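Please keep the coordinates open while going through them.

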Amino acid sequence: MKLTQHTLRLTLTEPLRISRSTMTARDAVCLTLEHDGSSGHGEAVTSHFYGLDTPTLQRLAVRTGERLARFADPETALHALRAGELDEPGTPAAMTAATESALLDLVGKRTATPVHRILGAAAAPRTATARTISLTSPGVAAAQARALSRAGFSVIKIKAGDRDHATDLDRVRAVRAAAPAARLLLDPNGAWSEARARALLPRFAELGVEAVEQPLAPGDPEALARLAARSPVPVIADEDAVTYEDARRLAGRVHGINVKLAKCGGVHAALRIAVLLEGSGTDLMLGCLTASTLGIAPAVHLGDRARWTDLDGHLLLAHDPWTGIGGADGFVAAAERPGLGVHPRSEARIGSAAP
């Protein structure tokens, strides 16, 4: 097997402002794995929060290619990856997820099987996805919510954590008025203290917020569990629930866990967490980083397993180099095509770079 990589710049349609940063673009390292005339693809994106820059991802891709070359076929390599025998110790979860994506895509194409069937689902998942509104003025947020509602979005995620907490409330109030039928999720990205969260959450509950993601700064999961026990709004752990062990410690103590393939290590790791949460009282949320359709697609094949789906990263891009999962109408859907079911747009240069 031969692995090549290609780096693309993903520019957002407009800046995404959250409580800790503002993002306008990020790089995506696309992996293309070739074997016996077929190819599979995966994607890892840069992330300041997770300490992944472009040179780091490129170096990791080279080392991954060297290890994959030792395997006779992708099926054997996929088994080794899931057994923890492919990656070097300390390999970031994002690279593991991208490698698994390429292997699943390739195995699916070789066997004419969609990825969701490889993962045990009989039908192709189709699920309503949340669409994010960043830290912006209440007026702009209302206009965006109105447009999203008209386009078919039934779930809207609103960023919070403004220095002026009244503005957060005004933003949610404006979105609620503009899209009265929408399910509202709130995401302060860890901006609040425990005391501030206790004071604000009853007010957001009055506005019909369905759940809040990671209201407290990550690093103190016990505080998050304490807050969840008394919160009038369901609390979803995100940055405090990265690994399987993180999820195990919080299962039954928070209302939800946001599983992102780039932070847990791919679909196999996500499925382990999903099984762990069954019957615990903690529901699964599927989230993502801002990425192309290729980066989002593996999670879409898990869409039927989640209570909340937030897979809109590709919808934030000015130009998505891949297509195949939809989303513009408020729904993301896996295809019945072999592998991931995605393909590059005609003008995208995929798989043309040197290893």
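1. In this predicted model, the cover over the buried residues of helix α8 includes α7 (194-206), β9 (235-237) and α9 (244-250). The residues of α8 (221-230) that are buried in this way are Ala223, Leu224, Ala225, Leu227 and Ala228.

2. Helix α1 (residues 54-68) packs against helix α3 (residues 93-111) with the axes 11 Å apart and at an angle of about 45°, which means that α1 lies oblique to α3. The crossing of these two helices, α1 and α3, is right-handed.

3. On the α1 side of that contact are Leu57, Leu60, Ala61, Thr64 and Leu68, and they meet Met95, Thr99 and Leu103 of α3.

4. Asp36, in the loop between β2 (22-35) and β3 (38-45), has a positive phi of about 50° although it is not a glycine, and Asp36 is exposed, with a relative accessible area of 67%. Asn189, in the loop between β7 (183-187) and α7, also has a positive phi of about 50° without being a glycine, but Asn189 is buried, at a relative accessible area of 7%.

5. As to confidence, the mean pLDDT of the protein is 96, and 97% of its residues reach 70 or more. Over residues 351-355, however, the pLDDT is below 50, and this stretch has 11 contacts in the model beyond near neighbours in sequence.

Notes:
Residues numbered from 1 in each chain as written. Predicted model: local features only at pLDDT ≥ 70, side-chain atom pairs only at ≥ 80, totals over all residues. Heavy atoms only, no water. Axes fitted to C-alpha atoms, helices over the stretch in contact; angles between N-to-C directions. Helix = DSSP H or I, 4+ residues; strand = E, 2+ residues; numbered from the N terminus. Parallel < 35°, antiparallel > 145°, perpendicular 65-115°, else oblique. Left-handed = near helix turned anticlockwise from the far one by under 90°. Contact = heavy atoms within 4.5 Å. pLDDT = per-residue confidence, 0-100. Buried < 20%, exposed > 50% of the residue type's maximum accessible area, 1.4 Å probe, protein only.
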